[in-house]
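Subject: The structure we talked about

Hi there,

Here is the structure I promised to pass on. Please open it beside this message and follow along as you read.

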Amino acid sequence: RECRERFLPLQEPHAEPLSSRGVNFSGVSDVVAPYKIWRTNPQFHLVILTLGGEGECVTDGTDKTRLIHPGDLWISPAGICQDYRATGAWRILFFHIDPTHPSGTIPYEKVMIGHATYARQLESAMTWFINESLTNTPVSRKAARAYAEVIRHCLDREIDSLAHPEHRLARAQLDALWEAINGSISQNWSVEEMARRMRLSSAQLRRVVASHHGMTPQEILTRLRIGRTKELLRRTDYSLDQIAEQVGYDSPFSLSRVFKRNTGISPRDFRKAAYPK
């Protein structure tokens, strides 16, 4: 009775991004001991992310158990016994994926346990998806579909991360790097400084960024700076000298040249278009 479970309404049209991935059951569960699930021959892939508390699982047909801690990601392919339970209070996200669906494949034939990267993002998106589905208005259905897209992308990233743990770590480090840059964009962000923060050589950083983003570090830095410049042109009356200083360019001329090369329009004309008289 103390358990609280909320299931995603996957039968709704706005859940199509998930149902088209083969997800046929999913939810956010707050459970307590003696909550227990035991399936001898499940006909679906199981993905569980632990948000809080602890559970334990037995998946290899033996009596050995393994604790599942906060931040853990557990993937169990179809056909393998699923035996898991709460050891106290346990907060999880779960997904059942139909292996017979054309898009319901996962790259594993055995149980995989690793670290979850996007658990909090998934929790937020799943909660909002459920809430928006409840109101069932045209606007809320549109919002729910957007959250379903986010859930699918995060789920796919989590599933792929255990096959390529080095990619997961690199992605998390890159996310932290871009956040740091965006938070102090006026700083002199050379490739060497970015690489130092990632504890990589400059050549390694270029390879990692190209692999994950299809761009160079300098191109991403420029995109961030141009994006900030656009907002300052739209939202403030700062001079171009002030904006250049705030976004990390040594002169308004340098900023103007880069801005026009990337947008096809000068900062002055961009501001005029944003605030036509």
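Below is what I found in it, topic by topic.

Before anything else, please keep in mind that this is a predicted model.

**The cores**

In soluble globular proteins, nonpolar side chains tend to be buried together. In this model, the largest nonpolar core has 32 residues. V47, L49, I75, F95 and I151 are the ones with the most contacts inside this core. Two or more residues come from each of β2, β4 (45-58), β6 (72-76), β7 (82-97), α2 (119-135) and α3 (138-163). Of these, α3 gives the most, with seven residues.

Leaving aside residues up to four places away in sequence, I151 touches L8, L18, F95, L122, A125, M126 and F129. There is also a second, separate core, which has 17 residues, among them I181, I185, W189 and M198.

**Two helix pairs**

Two packed helices are described by the angle between their axes and the distance between the axes. How do α5 and α6 pack? Helix α5 covers residues 191-198 and helix α6 covers residues 202-213; their axes are 9 Å apart, at an angle of about 80 degrees. Angles of 65 to 115 degrees count as roughly perpendicular, so that is the word for α5 and α6. On the α5 side, the contact is made by V191, E192, M194, A195 and M198, and on the α6 side by S202, L205 and R206. Sorted by type, the residues of this contact are five nonpolar, one polar and two charged.

The other pair is α8 (residues 240-247) and α9 (residues 252-263), whose axes come within 8 Å and cross at roughly 80 degrees. α8 and α9 are therefore roughly perpendicular to each other. Here L240, D241, I243, A244 and V247 in α8 meet P252, L255 and S256 in α9. The contact of α8 with α9 divides into six nonpolar residues, one polar and one charged.

**Two loop residues**

Is R21 buried or exposed? R21 sits in the loop between α1 (16-19) and β2 (23-32). Its relative accessibility is 7%, and under 20% counts as buried, so R21 is a buried residue. Not counting residues up to four places away in sequence, R21 touches I97, H101, S103, G104, T105, R152, D156 and I159.

Q43 belongs to the loop between β3 (36-39) and β4. With a relative accessible area of 56%, Q43 is exposed. Apart from residues up to four places away in sequence, Q43 touches A78 and P99.

**Cysteines**

A disulfide is a covalent bond between the sulfur atoms of two cysteines. How many disulfides does the structure hold? The count is zero. For C3, the nearest cysteine sulfur is that of C57, 18 Å away. C3 is partly exposed, at 31% relative accessible area. For C81, the nearest cysteine sulfur is again that of C57, 11 Å away. C81 is partly exposed as well, with a relative accessible area of 22%.

Enjoy exploring, and write back with any questions.

Best wishes

Conventions
Residues are numbered from 1 along each chain as its sequence is written. This is a predicted model: local features need pLDDT of at least 70, side-chain atom pairs count only at pLDDT 80 or more; totals for chains, interfaces and linings use all residues. Side-chain values use heavy atoms; hydrogens and water are left out. Axes are lines fitted to C-alpha atoms, for helices over the stretch in contact, and angles run from 0 to 180 degrees between N-to-C directions. Helices (H or I, at least four residues) and strands (E, at least two) are DSSP runs, numbered from the N terminus. Angles under 35 degrees count as roughly parallel, over 145 as roughly antiparallel, 65 to 115 as roughly perpendicular and the rest as oblique. Contact means heavy atoms within 4.5 Å. Ala, Val, Leu, Ile, Met, Phe, Trp, Tyr, Cys and Pro count as nonpolar, Asp, Glu, Lys and Arg as charged, and the others, Gly among them, as polar. Buried means under 20% relative accessible area, exposed over 50%, partly exposed in between (1.4 Å probe, protein chains only). A disulfide is a pair of cysteine sulfur atoms within 2.5 Å. A nonpolar core is a set of buried Ala, Val, Leu, Ile, Met, Phe, Trp, Tyr and Cys residues joined through side-chain atoms within 4.5 Å.
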